[in-house]
Amino acid sequence: MKRRTRTAGLIGALGLGVILATGAIFLAGRDRSAVDWRSLRAVAFESDDWGLAGFLPDAQALSGLDRDALAPGRFPDVYWGSTLEDSAQVGALTRVLAAAARGRDGLPPVWQPNYVMGSLSWEDGARGGRWIRYDWPEFSPRYVRPGLPEAVDQAIGMGLWYPEYHAFTHYDPLRRIESVASMGIAAEAARRGIMLFPGSEGARELGPWRSRAELEAELDAGLARFASAFGRPVGSIIAPDYTWDRRCESLWVSRGVRVIQAKREQRYVGREWGTVARIRKLVDQRLDRILFPGRVYLERNCRFEPVQFPDPGAVALRCAQEVKRAWAAGSPAVVESHRINFVHTDPRVIRAGLEALEDLLAELDGPGDLAPIYLTDIEIAGLMRNGTSSCVRGPWLVLRNGTRSGRILAVDPGNAGERERQAGEEPPGSRFFLVPAGAVLLIPR
Ligand SMILES: [Zn+2]
């Protein structure tokens, strides 16, 4: 009897220990921020899939092809009209941003397109077909979009477009190559410039089956292309299909990318759904936050996918509420909105997406201190970590101090001087600025 009581006591103590340890992990892994997000009313837009040469080159590509036989996997129906953006679509989206009410700091809403930097194209030649790789802004003849890089440069120059990194090709290239080599319909799709192939949805670019060497080579190629195309290094990253593992994160950090989008959405290949998987995911995510305090994990707390719903206007209203909920909870609002909402083979879809964005921006506006400020990921990350940020947004170098005391900011020439460095010119040295408490300085470039 006595022994049983002692055993029960021991088990009870062990159980309590596990509960306390788990509690400690959860408390220690919580986000802390150097600024008060409640009063800042910050909004960031993160938009995946820009630069993706897919799913189709144009509306005619699918004609006569059996979609069911192609069996790419599951995705929302509207994606059957997904295509590479053109200059007019980039122009239309940036016009909506430019026409919206400015933020409290005087700056317009800024769009963060997360870019896919490469594409594979199957091209027939005199001696049979072959695979050709194109890197942004080059595309296969099926995906030629005249004036696209110029439209993007113009949008960047206006401070409306702030590219970040999404993927190299968005899928495991070997799986596509094998599929096209072995299956009739996959080969036909590839010949038409269609990016989909049987099982393509599961062919995650950063799947755990891929070797570290492959991932490293693709990342290096993608980051190098990004820096030369956009004149600065990548600041923030989102894994394709929300699928990545610890190897990927450590590779990103080793290349200087410490801001990671959508941590809460992270998917782990091969794990079953259910309570155990959910708890494992929670523990993994908390552990990452404890083990890697130098990384900034940004959460998407508003889903803005109007063209997937029958009433896009209602999606805009719901998203505005989600933004306000994020502020009330003491977080920046991170709005995710995929390219599909603004780029589609059907112009009616594009119109619906743009109108919903206009509605959303109008809903977010407010008088005086109730107006939002529109931030980039790296500004949010800087404010979270240090209470300050610096970011080149079009014509401005934007310096922010969200703390209660004046700060001297040294501006990183790696951000401001990348273009000069690549042009073979001497980058300017670090510049120092005194930013008063709570102030935003806009310095002309
Ligand atoms: Zn994507």
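Predicted model: local features only at pLDDT ≥ 70, side-chain atom pairs only at ≥ 80, totals over all residues.
1. Residues are numbered from 1 along each chain as its sequence is written, and side-chain values use heavy atoms, leaving out hydrogens and water.

2. For the numbers: α4 (residues 87-99) and α5 (residues 148-157) pack at about 15°, axes 8 Å apart. Axes are lines fitted to C-alpha atoms, for helices over the stretch in contact, with angles running from 0 to 180 degrees between N-to-C directions. Helices (H or I, at least four residues) and strands (E, at least two) are DSSP runs, numbered from the N terminus.

3. Who touches whom? Ser-87, Val-90 and Thr-94 of α4 meet Leu-148, Ala-151, Val-152 and Ala-155 of α5 (contact means heavy atoms within 4.5 Å).

4. Over to the sheet: it is open, with three strands in the order β12-β13-β16 and antiparallel pairing (two strands pair if DSSP finds at least two bridges between them). β12 (388-393) and β16 (440-444) are the edge strands, each pairing on one side only. On average, neighbouring strands are turned by 15° against each other, direction ignored.

5. β13 (residues 396-401) pairs with β16 over five bridges, in the antiparallel sense. Val-398 sits opposite Leu-442 in β16. Helix α13 (residues 377-386) packs on this sheet, touching β12 and β13, and its direction makes about 165° with that of β12.
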